[in-house]
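Notebook open, structure loaded. I want to jot down what I looked up, one topic per entry.

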Amino acid sequence: MVRGERPRQTRCNESAKSDRHSVCLALFTATRQHGIIRLMEQQILEIDHAGWHIGAANDEWIAALEAGKVLYFPRLAFTLTEKERRFLTPDIRDPKTRNISLDAKGRLKGALGDAASQAEVAAMIGRFRMQAQSLIHSLLPRYASQKVPVGDTDALRLAPTSYRPSKVETRTQSWRADDRRLHIDAFPSRPNYGERILRVFTNVNPDGIPRVWRVGEPFEVVARHFLPRVKPYSSWQAHLLSVLRVTKSLRSEYDHLMLQLHDGMKSDLDYQQDAHQVTMPFPAGSVWVCFSDQTSHAVMSGQYMLEQTFHLPAARQYDVDSSPLAILTRLTGRTLA
Ligand SMILES: [Fe+2]
């Protein structure tokens, strides 16, 4: 599709001046004052639900999430205890690591401080993990429990939970690692063969500073734009990378294409500026959920965020045809993973 043919969307791009940014914020605030649940933007679905458990699965929300939209819960907050508020400082992060994380076995990494305070940090992150699990299990019950010949199985695989106390704006990194550029998540060293990356985020900023994202176009629009210029997949190169242990397993054609999309988006400054997108300031005290391997996103600013990642086989989705693997398979006409 020619970019000029794309449907018009409300757009506040990276190059917008601060007054335009203020207009976006004002529009956002004004929009919030109408209705309970509505489509704010084509790529963001606002959900007026304040608990970590969803009473009944909602087909519209599930379809929106699997279509690559962001589910945004403006009234759902992760609340720190009075004692935990002392961890709201970037000084608790070991400068040698990017984030503080709690792995699936409960081991804390990247935090400074004595054993007692590290245990409290781990408990805080662990509490967020439990709430994120409750949200995802109740929001998407089929992911967590599916009838199989013998019993039910949980298809969700828990990844480490992270706490990010540092300011996004002050981070300096290469263009490829710069998450302030629109991208979809794809990892060079960890091939995943189409396994989904589902993420729950919460902004815990104590000063009310939003975490500002840009959210871009639907995955298929991105893929159609960049696929014609991707480098062809080379199986011998994939084997070499695996033998040299650059990758943890053999990079599939799917993983190759996802990396090419990721790099193509980030390296194209015209695309960064001109692609249809919306700036979204996620307020302190809110939660948002998306498939980050599918949702075009950029993290522009903010400080103090917790995040939980889950992995899911694409075959366990409600609509398997909406996954990046299914879309890329359809667009290329090849088996990719
Ligand atoms: Fe990302």
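This is a predicted model: local features need pLDDT of at least 70, side-chain atom pairs count only at pLDDT 80 or more; totals for chains, interfaces and linings use all residues.

**Entry 1: H5 against H7.** I looked up how these two helices sit, and H5 and H7 are roughly perpendicular to each other because their axes cross at roughly 85 degrees. For my own reference, angles of 65 to 115 degrees count as roughly perpendicular, those under 35 as roughly parallel, those over 145 as roughly antiparallel, and the rest as oblique. The axes of H5 and H7 (residues 253-267) come within 10 Å. An axis here is a line fitted to C-alpha atoms, for helices over the stretch in contact, and the angles run from 0 to 180 degrees between N-to-C directions. Helices (H or I, at least four residues) and strands (E, at least two) are DSSP runs, numbered from the N terminus.

Which residues of H5 and H7 meet? On the H5 side I noted Val222, Ala223 and Phe226, and on the H7 side Gln260, Leu261, Gly264 and Met265. Contact means that the C-beta atoms of two residues, placed from the backbone, lie within 7 Å. By class, the contact of H5 with H7 splits into five nonpolar, two polar and no charged residues. The classes: Ala, Val, Leu, Ile, Met, Phe, Trp, Tyr, Cys and Pro are nonpolar, Asp, Glu, Lys and Arg are charged, and the others, Gly among them, are polar.

**Entry 2: ground rules.** Residues are numbered from 1 along each chain as its sequence is written.

**Entry 3: H5 against H9.** Next I checked H5 (residues 219-226) with H9 (residues 324-332), which pack at an angle of about 40 degrees with their axes 10 Å apart. H5 and H9 are therefore oblique to each other. H5 passes H9 in a right-handed crossing; the near helix is turned from the far one by less than a right angle, clockwise for right-handed and anticlockwise for left-handed. H5 brings Phe219, Glu220, Ala223 and Arg224 to the contact, and H9 brings Pro324, Ile327, Leu328 and Leu331. That contact has six nonpolar, no polar and two charged residues.

Entry 4: I then followed an open sheet of three strands, in the order S11-S10-S13 with antiparallel pairing. S11 (278-282) and S13 stand at the edges with a single partner strand each, so one side of each has no neighbour in the sheet. The twist averages 30 degrees from one strand to the next. Two strands count as paired if DSSP finds at least two bridges between them.

S10 (residues 211-215) is joined to S11 by five bridges. I wrote down two of the residue pairs: Arg214 has Thr279 as its bridge partner in S11, and Val212 stands opposite Pro281. On the other pairing, S10 and S13 share four bridges, with Trp213 partnered by Val299 in S13.

Is S10 enclosed or open? Five of its five residues are buried, so S10 is largely enclosed by the rest of the structure. Buried means that 20 or more other C-beta atoms lie within 10 Å of a residue's own, exposed means 12 or fewer, and partly exposed is in between, with C-beta atoms placed from the backbone. Both faces of S10 are covered, with Arg211, Trp213 and Val215 on one side and Val212 and Arg214 on the other.

**Entry 5: two tyrosines with positive phi.** Most residues other than glycine have a negative phi, so I flagged these. Tyr193 has a phi near 55 degrees and is in the loop between S8 (157-164) and S9 (196-203). With 16 C-beta neighbours inside 10 Å, Tyr193 counts as partly exposed. Tyr304 has a phi of about 75 degrees and is in the loop between S13 (297-301) and S14 (305-312). Tyr304 is buried, with 23 other C-beta atoms within 10 Å.

**Entry 6: Phe87.** Phe87 is in the loop between S3 (70-73) and S4 (100-102), and counts as buried with 22 C-beta neighbours inside 10 Å. Neighbours within four places in sequence aside, Phe87 contacts Ile92, Val121 and Met124. Its C-alpha is 8.4 Å from that of Pro165, 78 residues apart along the chain.

**Entry 7: whole protein.** I counted up nine helices and 14 strands. Of the 337 residues, 37% are buried. Among contacts with a separation of 6 or more, 81% are between residues 24 or more positions apart.
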